[in-house]
Amino acid sequence: MAAYANTGHPRRWPILGVTVVSLLLVVMDTTILNVALRTLADPVHGLGASQAELEWAINSYTLVFAGLLFSLGVLGDRYGRRRFLLAGLAVFGLGSLLSAYARDPVHLVLARAVMGLGGAAIMPATLSVIASVFDPRERPRAIGYWSASVGLAVAVGPVLGGVLLTHFWWGSVFLVNVPVALAGMVAGALLVPESRDPRPGRIDLPGVALSVVGLVTLTWGVIDGGEHGFDRPVVWVAVLTGLAVLAVFGWHERRTDHPALDVRLFRVPRFAVPVALVGLVFFAGAGVMFVSAFHLQLVRGHSPLHTGLLFLPLALAQLVLAPRSATLVRRYGTRVVCGGGLGLVGIALAGWALVDAATPTWVIAVLLGVQGAGMAHITAPATESVLAALPREKAGVGSAVSNTVRQVGAALGVSVLGAVLAAVYRARVAPATTALPDGVRETAEGSLAGAYGVAPRLGTDAVALLATADRAFVAALHVVALLAAAVAGLGLLAVLRWMPGRPAAPGPGHPDPAGTVRVEPVMTGPAEPAGAGRAAVTGSGATGPAEAARATVTENGEPV
């Protein structure tokens with residue numbers, strides 16, 4: 001059989017390290033924030049933020065992140081991926097500095113939006129750099145390590161956040177990002193080569209504007225409805241307006257010749273199904289993690305550090321198992337691996353419906369470990385499937401779409417499941433708050449953290465209020481868990497129906513699992529140079545839009 005040259009960059013593995021550090025920064029920030037939520041809600045040691053303000057502290061970052069991923073992914077492909085990676089790290093570090101010294105919840109929300117701008121430049125650059133420096137045969141392994149770094153960030157973030165909150169003020173959980181951003185900038189400038197799309201498209205400014213307006217309006221309506229009730233017209237005006245704007249966005253993207261999101265890509269099952277799958281998984285997972293952080297710290301009384309340690313099984317399972325998912329995909333196929341992962345995630349999420357204040361801690365650790373194992377077998381195979389459906393020069397677009405759907409799923413998971421939590425909690429806690437003064441009653445009904453905040457002022461009535469509030473929160477947690485498990489079930493049905501199965505054995509002229517079309521050497525005459533006729537066509541070979549089907553042809557490792 002003919003030998004094939006590796007078309008990857010000579011420094012591809014150190015370059016992967018730079019992308020991992022950059023990804024660690026983006027993901028670690030969110031996981032640190034999860035254990036800091038109780039402290040930020042404290043009016044003495046934090047900012048006195050309400051549950052809605054805490055949701056906005058998370059979602060202002062996520063919405064800016066998701067809304068600008070399209071355009072910044074295209075800009076990075078046009079003007080240079082390394083340039084945007086370094087610029088994103090600089091902006092992210094600045095936003096972290098502003099967040100650390102925020103004086104009230106509004107300032108924190110705005111500073112987090114600046115961090116989202118930096119993250120939107122970082123995230124698509126990391127995956128597109130990987131796609132540009134790795135040979136397609138090595139790319140699944142590289143993406144496995146990239147996905148495993150998410151597990152590392154999930155592991156390091158809560159523990160580091162717990163340590164910082166134990167010894168320093170709440171702003172330290174943001175300030176720690178600054179030296180990491182500086183280290184990433186130095187390493188990126190020294191190691192990462194510049195790359196760009198030789199045929200860049202124009203920027204779809206109307207599409208970007210429509211996506212941002214639609215997402216922000218929809219999410220504001222969901223969060224405000226969860227805090228104050230869905231019986232007010234303003235909530236439904238916001239929700240329906242957001243949905244209408246997003247519908248106009250989809251219509252516009254189908255008609256323009258330079259879309260921010262090429263909706264034609266969703267006609268390709270190998271691209272559409274894994275993108276939707278990642279969105280569903282992060283919708284369910286992010287919502288439950290947001291809720292469980294309050295359960296662990298308030299209902300069960302764990303410190304931020306202890307809470308961070310309890311999230312370790314979730315993180316370590318991803319860290320250990322994600323790099324091995326590529327081997328399982330080659331052996332059993334994407335459908336089996338992703339379907340099994342979704343089954344584990346669904347079981348873990350449903351398990352939270354059995355958790356209460358008396359559940360042994362080891363049960364929670366097992367549930368989080370099972371969830372992490374499931375996610376490890378979803379994220380890496382799905383991401384590789386998305387990138388394999390596009391040629392290398394469109395890697396920024398593919399990674400931007402994948403990560404946008406992931407971030408939108410996470411934002412809607414926090415807001416929608418957070419709204420469900422707030423509505424159920426408010427209904428269950430109301431009998432214990434009827435005799436309280438107006439301002440105190442509204443705070444206690446607003447969130448569990450609010451109830452704990454006003455309890456010291458109530459004297460002997462505090463015990464009854466907190467007991468009812470804990471029970472109300474646990475009941476709301478059970479509803480959220482079952483809804484999240486149902487979402488995972490929908491994802492499993494989609495995988496079984498549309499996800500590609502086990503790839504066929506490669507043969508002459510057919511793609512192998514790494515996306516390389518093998519062409520057998522052709523007998524040549526004496527005048528032809530040795531090795532002539534050996535060619536490899538890299539790309540997915542997917543059918544669908546012209547851009548999704550375009551391949552990069554190489555001969556003896558060099559572009560033809």
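Author: Axes are lines fitted to C-alpha atoms, for helices over the stretch in contact, and angles between N-to-C directions run from 0 to 180 degrees. The model under discussion is a predicted one.

Reader: How are helix 10 and helix 14 oriented to each other, roughly parallel or roughly antiparallel?

Author: Helix 10 (residues 269-299) and helix 14 (residues 334-351) have axes 11 Å apart and pack at an angle of about 20°. Angles under 35 degrees count as roughly parallel. The two helices, helix 10 and helix 14, are therefore roughly parallel.

Reader: Is the crossing of helix 10 and helix 14 left-handed or right-handed, and which residues make the contact?

Author: The crossing of helix 10 and helix 14 is left-handed. Helix 10 contributes L277, V281, A284 and V288 to the contact, and helix 14 contributes C338, L342 and L349. By class, the contact of helix 10 with helix 14 has no polar and no charged residues, and 7 nonpolar.

Reader: What is the geometry of the pair formed by Y61 and F92?

Author: The whole structure holds 3 aromatic pairs. The ring centres of Y61 and F92 lie 6.2 Å apart with the planes at 85°, so this pair is edge-to-face. It joins Y61 in helix 2 (residues 51-79) to F92 in helix 3 (residues 81-100), 31 residues apart. The geometry of Y61 and F92 is thus edge-to-face.

Reader: Is F92 buried or exposed?

Author: Buried means under 20% relative accessible area. F92 has a relative accessible area of 0%, so F92 is buried.

Key. Residues numbered from 1 in each chain as written. Predicted model: local features only at pLDDT ≥ 70, side-chain atom pairs only at ≥ 80, totals over all residues. Heavy atoms only, no water. Helix = DSSP H or I, 4+ residues; strand = E, 2+ residues; numbered from the N terminus. Parallel < 35°, antiparallel > 145°, perpendicular 65-115°, else oblique. Left-handed = near helix turned anticlockwise from the far one by under 90°. Contact = heavy atoms within 4.5 Å. Nonpolar A, V, L, I, M, F, W, Y, C, P; charged D, E, K, R; others polar. Phe/Tyr/Trp six-rings, centres within 6.5 Å; stacked < 30°, edge-to-face > 60°. Buried < 20%, exposed > 50% of the residue type's maximum accessible area, 1.4 Å probe, protein only.
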